[in-house]
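Thanks for coming, everyone. Please look at the structure on the screen, and I will walk you through it.

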Amino acid sequence: MTLSAPAIRVRKRRNGAIPLVMVTAYDEPGARLASAAGVDLILVGDSMANVVLGQETTLHISIDEMCHHVRAVAAAKPDAHVVADMPWLSYHIDLGESVRNGAKLIRSGADSVKLEGGRVRQGVVRALLDAQIPVMGHLGLTPQSVMAFGGFKVQAKTMESAKLLIEDAQLLQEEGIFAIVIEGVPSVVGTSVTQALDIPTIGIGAGPDTDGQVLVFHDLLGLTARAPAKFVRQYANLGPVITDALRHFAEDVRSGAFPSEEEAYPNPEGLLE
Ligand code: KIV
């Protein structure tokens, strides 16, 4: 049965829960396959800007583009909780506009929304929760801050910044988020923030102790052009498999081997004459 936000909120490993499994998906086939694999959560991530739209950063995707893909994911009717990323600038300008944007994602088929940032986002988290929209947090190497960080750099590497991250996570928890993604931090920070919170942490490059793990669909299936990040485990290398199949198709078309008679509609009697 699809997990609700309250059901996810209590999934702490220290209380005996098994780790949460989250994977990104951006369309109906991806969501259908992820659901068939039995994942707990599907994230319609703004990483779509990178792995589907070929952009360098996640700053190149709009709320309407996100909604378009949330609808495709929801069309698969996945047996998984669907989280949709609020893209850059969809929650930074005005609280009313932020809530309307969160609602657009929900009306497109998401069960909850995710947004990046700590104390500076407290107001918008409260506004979304006031509108009854479940919110997932995201701290650490938050990709929408890539320009402010000066690149995709591991975060919380000093005692001071690690403490700030934990305080931010606690503040968001008090505000009412149901879970939080922790990305690109030393393992000890992943462990400490997980210990400090009563809501589950879902790690990506945050070590083995978080309450769940998330990976990007195209990274784990070997479908990206770029070299995978250190924290990625590639479970399949589908890129060459797909290229091989397409090459085979091209060869068959050029040689006349495709289509065969079985792949063509028969001629009705009399039509040939
Ligand atoms: O957009 C995304 O894929 C994400 C994950 C990296 C957590 O936010």
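Strand β2 (residues 41-44) and strand β3 (residues 81-85) run parallel, joined by four bridges. Strands here are DSSP runs of E with at least two residues, helices are runs of H or I with at least four, and both are numbered from the N terminus. Two strands pair if DSSP finds at least two bridges between them. Within this pair, Leu43 stands opposite Val83 in β3.

A word on the source. This is a predicted model: local features need pLDDT of at least 70, side-chain atom pairs count only at pLDDT 80 or more, and totals for chains, interfaces and linings use all residues. Residues are numbered from 1 along each chain as its sequence is written, and side-chain values use heavy atoms, with hydrogens and water left out.

Now the whole sheet. Eight strands form a closed barrel, in the order β1-β2-β3-β4-β5-β6-β7-β8, with parallel pairing. On average, neighbouring strands of this sheet are turned by 25° against each other, direction ignored. Those angles are between axes, which are lines fitted to C-alpha atoms (for helices, over the stretch in contact); they run from 0 to 180 degrees between N-to-C directions. In general, strands of a sheet pair through backbone hydrogen bonds, either parallel or antiparallel.

Step back to the chain. The protein chain has eleven helices and eight strands. Its C-alpha trace spans about 80 × 40 × 35 Å along the principal axes. Of its 273 residues, 48% count as buried. Buried means under 20% relative accessible area, exposed means over 50%, and partly exposed is in between (1.4 Å probe, protein chains only).

Lys114 stands opposite Met136 in β5. How many residues of strand β5 are buried? Six of the six, residues 135-140, so β5 is largely enclosed by the rest of the structure.

Next, strand β6 (residues 179-183) and β7 run parallel, joined by four bridges. Ile180 has Thr201 in β7 as its bridge partner. From strand β7 (residues 201-204), Thr201 and Gly203 point one way, Ile202 and Ile204 the other way, and all are buried. Gly203 has a relative accessible area of 0%. The C-alpha atoms of Gly203 and Met22 are separated by 9.6 Å, though these residues are 181 apart along the chain.

Now the ligand. Which residues are around the ligand? They are Thr24, Leu43, Gly45, Asp46, Ser47, Asp85, Lys114, His138, Val181, Glu183, Ile204 and Val216. Near means that a heavy atom of the residue lies within 4 Å.

Taken alone, the ligand exposes 260 Å², and the protein buries 95% of that.

Last, Asp85. Asp85 sits in strand β3. Is Asp85 buried or exposed? Asp85 is buried, with a relative accessible area of 2%. Its side chain makes a polar contact with the side chain of Lys114 (2.7 Å). A polar contact is a pair of N or O atoms within 3.5 Å; within protein, one must be able to donate a hydrogen and the other to accept it, and residues adjacent in sequence count only if both atoms are side-chain atoms. A polar atom of the Asp85 side chain also lies 2.8 Å from the backbone nitrogen of Asp46.

Note on methods. Accessible areas come from the Shrake-Rupley method with a 1.4 Å probe; for residues, only the protein chains shown count as cover.
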